[in-house]
Amino acid sequence: MVSPLCLDALAGDFPGMSDQLNQQLICETMVDESYHVLLTLSACAVTRSMRQNSVTIPTSTLIRRMQAFEAEYIEVWQKKLIRFATCVVSEVFISDYLLLLSSSSLVQPLHRQVVNAHRQDEATHRLIFREFAKFVYQDLTPSQKTFFASVLPKPVRWFAAQDFDCWDSIFSELGIHDVTEMLHDCRAYHQTRIDIDYSGIIDLAMELGIIATDFGLEAFGNEGLLD
Ligand SMILES: [Fe+2]
Ligand SMILES: [Fe+2]
């Protein structure tokens, strides 16, 4: 998701990103993201070989919800801003998520190390994407600003949604069939809760001036992020 967005940004698809420093940061981000894919694929290949299985990992909830939301809009700029908002939110959140995995004794040690290496880069991406958001937002047209503000809170819920559909698919592929009720209960428990710290996105929205607008307040309020 991030690498295609970086390619679009390099091609000049987002305003405010064409100066030399931003172009360099975009390229460095792409190098990091390619390295993360390589690290993850390598660790998964080791695990698949050691455990003699080849589980298919389904598309994440975040990506599926972003694509479904994007499909509701016709204009190319709307689709691009949906992808941009989703990347900003996920890049702001992902280092916290990776910290949970890399510090859990329940996660296999090789994967813990891989996630920790990934996390260290993402701690920087979190700052970079906040800056990207500021550069892009300030150069949007008024109607694009309103649209971006209405989209920005949505990926918070998409990111926070636990990947129960993925686990359903993984368990059934592994032949573990007696977990349906457990997944159902977990899904119900997490339906309305947001178990992540989303203060970083609220701070960003305040810094952009989004929370100070009626449309921004409404958008964040509708997602239950101002309670
Ligand atoms: Fe990454
Ligand atoms: Fe990243």
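Biologist: Which residues in helix 6 meet which residues in helix 11?

Modeller: Thr146, Ala149 and Ser150 in helix 6 meet Phe215, Gly216 and Ala219 in helix 11. Two residues are in contact if their C-beta atoms, placed from the backbone, lie within 7 Å. By class, this contact has 3 nonpolar, 3 polar and no charged residues. Ala, Val, Leu, Ile, Met, Phe, Trp, Tyr, Cys and Pro count as nonpolar, Asp, Glu, Lys and Arg as charged, and the others, Gly among them, as polar.

The model is predicted: local features need pLDDT of at least 70, side-chain atom pairs count only at pLDDT 80 or more, and totals for chains, interfaces and linings use all residues. Residues are numbered from 1 along each chain as its sequence is written, while chains are lettered from A and ligands numbered from 1 in the order in which they are written.

Biologist: Why are helix 6 and helix 11 called roughly parallel?

Modeller: The axes of helix 6 (residues 142-151) and helix 11 (residues 214-222) cross at roughly 20° and come within 8 Å. Axes are lines fitted to C-alpha atoms, for helices over the stretch in contact, and angles run from 0 to 180 degrees between N-to-C directions. Angles under 35 degrees count as roughly parallel, over 145 as roughly antiparallel, 65 to 115 as roughly perpendicular and the rest as oblique. Helix 6 and helix 11 are therefore roughly parallel.

Biologist: What makes helix 3 and helix 4 roughly antiparallel?

Modeller: The axes of helix 3 (residues 61-70) and helix 4 (residues 76-102) cross at roughly 155° and come within 9 Å. This pair is therefore roughly antiparallel. Leu62, Met66, Phe69 and Glu70 in helix 3 meet Lys79, Ile82, Arg83, Thr86 and Ser90 in helix 4. That contact has 4 nonpolar, 2 polar and 3 charged residues.

Biologist: How many helices and strands does the protein have?

Modeller: There are 11 helices and 0 strands. Helices (H or I, at least four residues) and strands (E, at least two) are DSSP runs, numbered from the N terminus.

Biologist: How do you know that the protein is as compact as a globular protein of that length?

Modeller: The radius of gyration, taken over C-alpha atoms, is compared with the globule rule, 2.2 Å times the number of residues to the power 0.38. For 227 residues the rule gives 17 Å, and the protein's value of 19 Å is close to that, so the protein is as compact as a globular protein of that length. Its C-alpha trace spans about 55 × 40 × 30 Å along the principal axes.
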